[in-house]
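Look over the model below before reading on. The paragraphs that follow go through it step by step.

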Amino acid sequence: MSGPQPGMPGGFPGAPGALAGPPQKKLDPDSIPSITQVIEDDKARLGGQVFSTNIRGQVPPLVTTDFTVHDQGNASPRFIRCTTYSLPCTAELAKQCQVPLASIIKPFAKLPNNETPLYVVNHGETGPIRCNRCKAYMCPYMQFIDGGRRYQCSFCNCINEVPVFYFQHLDHMGRRVDFYERPELSLGSYEFDATLDYCKNNKPPNPPAYIFMIDVSYSNIKSGLVKLICDELKTLLEKLPREDGAEASAIKVGFVTYNKVLHFYNVKSALAQPQMMVVSDTAEMFVPLLDGFLVNYQDSRAVIYNLLDQIPDMFADTSESETVFAPVIQAGVEAFKAAECSGKLFIFHSSMPTAEAPGKLKNRDDRKLVSTDKEKTLFQPQKGVYEQLSKDCVAQGCCVDLFLFPSQYLDLATMADVPSHTGGSIHKYNNFQVETDGEHFLRDLRKDLQKSLGFDAVMRVRTSTGFRATDFFGAVYMNNTTDVEMAAVDCDKAVTVEFKHDDTLSEETGALIQCALLYTTIGGQRRLRIHNISLNCTSQLSEMYKCCETDSLINFFAKSAYRAILNQPVKNVSDILVNQTAHMLACYRKNCASPSAASQLILPDSMKVFPVYMNSLMKTAPLVGSTELSTDDRAHQRLSVMGMGVEDTQLQLYPRLIPLHDVDVSGEAVPAPVRCSEERLTDSGLFLLENGQSIFLWLGQASPPDLIQSLFNAPSLAHLQQGHMFTLPELDNPLSKKVRSIIGELLEKRPYSMKLQIVRQRDKPEMLFRQFLVEDKGLHGGTSYMDFLCYVHREIRQLLT
Amino acid sequence: SVMSTYQEFIQQNEDRDGVRFSWNLWPSSRLEATRLVVPVSCLFTPLKERPSLPPVQYEPVLCSRANCKAVLNPLCQVDFRAKIWACNFCFQRNPFPPSYAGISEVNQPAELMPQFSTIEYIVQRGPSAPLIFLYVVDTCLEEEDLQALKESLQMSLSLLPPNALVGLITFGRMVQVHELTCEGIAKSYVFRGTKDLSAKQIQEMLGLTKPAAPGQQGHPVAPQEAAASCRFLQPVHRVDMNLTDLLGELQRDPWPVSQGKRPLRSTGVALSVAVGLLEGAFPNTGARVMLFIGGPPTQGPGMVVGDELKIPIRSWHDIQKDNARHLKKATKYYEALANRSAVNGHSIDIYACALDQTGLLEMKCLSNLTGGHIVMGDSFNTSLFKQTFQRVFSKDYNGDFRMAFGGVMEVKTSREVKVCGAIGPCVSLHSKGSSVSENEMGIGGTNQWKLCSLDHSTTLGVYFEVVNQHNAPVPQGGRGAIQFVTMYQHSNTQKRIRVTTIARNWADAQSQIQHIESSFDQEAAAVLMARLGVFRAESEEGPDVLRWLDRQLIRLCQKFGQFNKEDPTSFRLSESLSLYPQFMFHLRRSPFLQVFNNSPDESSYYRHHFVRQDLTQSLIMIQPILYSYSFHGPPEPVLLDSSSILPDRILLMDTFFQLVIYHGETIAQWRKAGYQEMPEYENFKQLLQAPLDDAQEILQTRFPMPRYIDTEHGGSQARFLLSKVNPSQTHNNLYAWGQETGAPILTDDVSLQVFMDHLKKLAVSSSS
């Protein structure tokens, strides 16, 4: 995050209603740029169409638009999106406009069924062909010369010999005649088979393993969670991800339960009964068994069933409430080390680890620090044990997925430190109850377990001369400035990469980015996944602004702001955000817009809804200083966003508000969302609100009884009981089916599960719902969209004078 | 004759009291006593099997003097009228307790009758605790060995008393403590094999202690109710099915062992966990830790050798060159464990079966200090191990196990005598009474010793000092008395006290030296001196010990030999000392003092057994017994001499550790030719069978079972015989003998003849 520019006027006050200056004339809300409108327009223009990636610097459709990608030499926007597709040629220009130059790379993005999966290329025993100097991989941008005997690397301009086995003649255009037969010459994205040189200790990797580590302390037993997990695993383990075409999953599974000691289980198929091995030496964790701990589920199914049946009973009478945590992760790392494999830990944990062991934590939830210079400490993890643990995990390719079931503060900032550095996910279920949260949690678990992903990954982003990657944001670990290490990376994890100029870029040759990801497949194959993208370069700011993508910009801003609050007061970070917003827009106004009255707010077309997102970002829990917000929730949101792709941040910062009261129950379509503002609600309406994390069904106080009857089988709103507030009964009528199908589809589509909350207008829980109406004034602080826009406008005017 | 009288006396005393004294008349002054060279000392078998001694079911009557507390015994003066008895140790006059109101000359309690100089009391002391057997099993074994061991262990469950508590610890790279109560899932606690843990940590990790309540940190943790600890130690009758299955499912240590490496064996931590578990759960209760190992400890505390196969385990050569890297550290570690175990009365057995050494040298203290057994074999799949192990659980004529626990032996002496120390499977209890001498011999400085485990043959050497001053008169008609009070837990869990009170007459060494000489028990003396020698050998260089023994022998010969100065040919020893030099000759050659040709483990093993066996067995160890079988007559004992090795004889040699059957050259040829199969040579068949039958008889009873060797003239195993016999004929003097009898031995060792010649020369020399 760059600091405020010299000479910039003072910060944004942040507090609601604190706008200086004379009261503005009341503006018509419909007259200010609307996200829903922008989304609908893009859908109308590009929805359902094919997007071919054959043109350099082409701006793709919005993330909210459905389209089909045809890879013709550049990576699909599903894999890489950029803040702008036309880079300013010089550093001065970039500095002048202050538009961040960044790519958001989601290397394992899910592809729809109608798009071709990546081809796998094998260059034989010597491994993939790479430039001798910069080590870039063979790609469509390499220039073959000298009759095809040599090629010039377009990243570093080095001239390389073409290996004999790879030689091919060139056609009249200077293109190799095998151009279309070789994915690495014609496509933006493809994979290489990696040779032993790319493997740890020059040995082919073993298939990865999943270890399920269940906290069996009192609260998890009492809530019924342990039984729920054990029952679910029995069916879920049948669905472990497998390599395309493989008969069964190669992933091995292992089981650990723990409270303040760890219990490992031997589930070797030859055993009549599982065996439990208790390790109490949490100070120096080790794995007590080798053979029989990580097993093939198919082989050991009977023993595992037996185990899963017994676990809830074995601890039924437990009174142990203390837990350890760091030793649990350590145990996983040690197990992978012993088995020489990578893998993932699924940890189901309930409370702050207070038992005497490494990584023991103390309550440091001091809300008095909110809005002070020390607020950052609330977000900072405790150093030491966990720092080293992240290092160990990444070195071993051990990803940690954390499922938390807290009833109070548990120092999430520290507990989630390892997951957030190992490509893991963090799920949190406050005051977990099986009846109301069970299904919600299980959906997450199912999604998480079945996700396709790569393990033990290292990502390297190479660029053509003149600029380079300088900063990386994501659930990653960086041991040096170039290698992005990820214990695992799944289809929802994205890394945001910031670029800076080294030199002047050429409009003619443009700018190239190659992202190479070395990883181990779920089947235990070592692969290289390559994504290439070519961008335009321009000396015209207007061209640059035209090619900006707001959704990507906000992803970058969210991540950089969320990282900045680790080191600076939240207030400073908000100031910087507002200043930069004003500056970007002022620069446009000054250099690109046609002359007009100073009082008129003129925004670049590509960024016209940028202020809505920015305002929403500043009202998110991590950035809004309120003592009413739980510290753990703020930390959770901060960490979740760090690994998100563009689609997820967009949704997070501008939820969908879907009116359901006049839905066409016979059609396929989902009603068009309306703007996230209270003004759009109607007392007689039913609305669904969803942002990828939460989902609400809002019932207006004058909801027609027939709608209530159809959805809840209750005569009126007043008859709805507390117990009704989490599920929609399965009723056999068109409305009920339609609404449930809309919700079902959303739950299916999103990377995380969401817990449906049904709120009645004016009921107390409606507050929870209202905080997502991001165009309105924030509940815990933060201005409305309208006020923010006015404020930014004033700032722009000041900048221009 | 005097001799036969004394022999009867000695025999009687041994049968009745389990005592053999070096001197059966005691010199009346300190000075004279020291001039006798062999100290006043005895071999004492506290629990000598006495079928004719039914225990009495009441408490012993004690002398009321606080620092005496001697037990009423037949030597006490009793005033039946006044119902008062006088202590024969401190002369305190004690009233009889009320329950003795009815005594009179004709109605005396057993403990006053002379034939009950040894008497056993059954007493009520606290709740009776069941016996505890904790198996500690090495799983780094070859498959076949592990299988055999598992079967032996499963079998042993049927031999244990049903209410005994049993536990199982297995180890390889890790150490596993198995919980025995689980239904369904078999549960064990696992410890890293490389980390030394304190007893407190072990108990916490096993969940045997309740954590201190919050806010009470630093408060000592209270042991949880027995139920918790019982997860690991369960009554046999309740868990034998479970445990049988558990043992059946035991697998070899699964961690891979790469080429050129030894398996990682965490013996040290396994023992530490075993000791810690018992210490926390059952302090001061009879318990046996039974350790089964198939190789040396290779990691963690107590490691004896590294896992690199190219570095061999230490040899005597390495030790002498101070080149044994792990020796001191490992020994110290096991000594600390042994002492902790001894404090709680838990004994540790070691069953070591491997072709190479297993670290007994470093670990021997575990058994030596706690009264445990050491058994050494080549494999668990041998009858030597299997039968020896079964014999641990053998029963006596009452059907009780021949094992007792938690023994405490106390020695009380009359004023003229003090106790210097004891040598045997015991540790000092550091009880300094008035009867404790400043002069320590063996484990001294105390008059109480703990014997964590003992059986009917466990025998201690106890050494005394006469403290009467030279000019003080011999107590007129008085006798020196010694009382042994041994408290122990009987295998049927009863608490018992056995009291042995003995007395010997005083003699004035100046006027009655012949009497004293004829009271000499040369067998007992040889064993008692040998124990002193072996005890010294544990801390001193071999040659120094031999020199000390030689000097003692020469001094004894000078004191009692009849000779003219400087005339070796005139030297004579009386009957009561005549065999003594020969015992010393063989002792010098024995594996207890010679390490040549023995590994450090073997030396430790031999010494372990030597310092605990009774007199008969000890003598066999010093001077093996040789029987000869021939057509010339019935089997007969023959000299342990190369001249006894004849072509037409079969020899049976018993060294205690080995039984060697040696077929002379002719016999071997006949046997090879198969004459024994022919009906007309039935007598040859019988001749061959005779030593086998005799050997069988010894094999049946001995613990540990000896190694059985069947060899013949020219056979490679004949070396076992050849190394033991007196080399009267060697390659050096063969032709000088000019006779064809006997077998020459290829050795430069001196023969008994040469030894005796030299001894005489030195004894008669006025300069030595």
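How many residue pairs are in polar contact between chain B and chain A, with both residues at pLDDT 80 or more? The count is 12, where a polar contact is a pair of N or O atoms within 3.5 Å; within protein, one must be able to donate a hydrogen and the other to accept it, and residues adjacent in sequence count only if both atoms are side-chain atoms. This is a predicted model, in which local features need pLDDT of at least 70 and side-chain atom pairs count only at pLDDT 80 or more, while totals for chains, interfaces and linings use all residues. Residues are numbered from 1 along each chain as its sequence is written, chains are lettered from A and ligands numbered from 1 in the order in which they are written, and side-chain values use heavy atoms, with hydrogens and water left out.

On the side of chain B that touches chain A, two elements give two or more residues each: strand 10 (174-179) and strand 11 (186-192). Helices (H or I, at least four residues) and strands (E, at least two) are DSSP runs, numbered from the N terminus. Strand 11 of chain B gives the most, with 7 residues. By class, this side of chain B has 11 nonpolar, 3 polar and 5 charged residues; Ala, Val, Leu, Ile, Met, Phe, Trp, Tyr, Cys and Pro count as nonpolar, Asp, Glu, Lys and Arg as charged, and the others, Gly among them, as polar.

Strand 11 of chain B also pairs with strand 14 (residues 275-279) of chain A; the two run parallel and are joined by 5 bridges. Pairing requires that DSSP finds at least two bridges between two strands. Within this pair, Met277(A) stands opposite Ser188(B).

Between them, chain B and chain A bury about 1,800 Å², with 60% of it on carbon and sulfur atoms. Buried area is the accessible area (1.4 Å probe) that two parts lose on being put together, summed over both. In chain B, Ile185(B), Val190(B) and Arg192(B) lose the most area to chain A, together 33% of what that side buries.

The interface also holds 2 salt bridges (a side-chain nitrogen of Lys or Arg within 4 Å of a carboxyl oxygen of Asp or Glu). Glu284(A) and Lys195(B) meet in a salt bridge, at 3.2 Å from N to O.

An unreviewed UniProt entry places "domain: Sec23/Sec24 trunk" at residues 205-448 of chain A. That span is 36% helix and 18% strand, and its end C-alpha atoms are 23 Å apart.

Key
UniProt positions are given in the numbering used here, feature names are shortened, and annotations may be inferred rather than shown by experiment.
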